[in-house]
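Hi,

Here's the structure I promised to pass on.

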Amino acid sequence: MNPTIDSSELSRLTASLASALPDAVILPHDESPFKDATQSYWAQQACEAVPACVIQPRNAQELSEAVKILKDEFDATETQSVGDVTRGLFAIRGGGHSPLPGASSINGGVVIDLRRLDEVTPSEDRSSVVIGAGAKWMDVSKVLDAKGLAVVGGRNSAVGVGGLTLGGKNSTLECLHKPSKGLQSMPFTRL
Ligand SMILES: Cc1cc2nc3c(=O)[nH]c(=O)nc-3n(C[C@H](O)[C@H](O)[C@H](O)COP(=O)(O)OP(=O)(O)OC[C@H]3O[C@@H](n4cnc5c(N)ncnc54)[C@H](O)[C@@H]3O)c2cc1C
């Protein structure tokens, strides 16, 4: 039988995360930000999952620190996802538009919510753009539209760049570009 994380382990994990990342961790008693983080998924089933805490890293260092703590916890408990896909240690949230339960939400575990990593920086030669791991297509459009640039993004601006790049394929510009491995594999978008 695979071990699953118990409530005392989760409390210890949440306490470690909150201590290491006080400005990035949102606990259930932080009512308004916790509600904002957990009730803003596109799918109702994702909104129904209640995590132990949500981490919103503001930079790569904070994200790295969170991942290290989660890895230590994983090594200590050897937690494995079993039967119920919403069980486990953590979930990563981009734009929160996956309809799949447990894809970017989790019951009782930790959500790494990437929304603050929303940098959009076009290169000086206008041939590429650096996009933060938690940006949505609307963030990208706002910056690129102002410069008369376009990218092969999603058709719905609220969808996350990360999730669509990993799992989506359909763009408003698909009539112009039809690569076989998915439109977001085109070189002018770099995550
Ligand atoms: C209303 C609506 C409109 C849509 N329109 C389009 C469309 O025009 N074209 C299209 O191709 N698809 C479209 N989709 C599908 C969409 O691309 C997928 O559902 C996608 O997975 C959503 O990505 P997200 O980041 O918003 O969602 P999330 O639920 O946050 O993430 C989806 C998955 O990707 C993972 N993930 C997200 N970001 C990262 C990251 N930076 N690093 C690691 N893992 C990450 C999450 O862990 C999760 O497993 C649409 C979906 C909806 C609901």
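Arg-126 sits in the loop between strand S5 (120–122) and strand S6 (129–131). Helices (H or I, at least four residues) and strands (E, at least two) are DSSP runs, numbered from the N terminus. Bear in mind that this is a predicted model: local features need pLDDT of at least 70, side-chain atom pairs count only at pLDDT 80 or more, and totals for chains, interfaces and linings use all residues. Residues are numbered from 1 along each chain as its sequence is written.

Back to Arg-126: its phi is near 65°, a positive value in a residue other than glycine. Arg-126 counts as exposed because it has 12 C-beta neighbours inside 10 Å. The cut-offs, with C-beta atoms placed from the backbone, are 20 or more others within 10 Å for buried, 12 or fewer for exposed, and partly exposed in between.

Now the whole protein chain. You'll find six helices and seven strands, running α-β-α-α-β-α-β-β-β-β-α-α-β from the N terminus. Of its 191 residues, 36% are buried.

Then there's helix H4 (residues 60–77). Which residues of H4 are buried? They are Leu-63, Ala-66, Leu-70 and Glu-73. Seen down the axis of H4, these fall within an arc of 90° (taken from the directions from the helix axis to the C-beta atoms), so they line one face of the helix. An α-helix has 3.6 residues a turn, so residues three or four places apart point the same way. The face of H4 turned away from the buried side carries exposed residues, including Lys-68, Lys-71 and Asp-72.

Cheers
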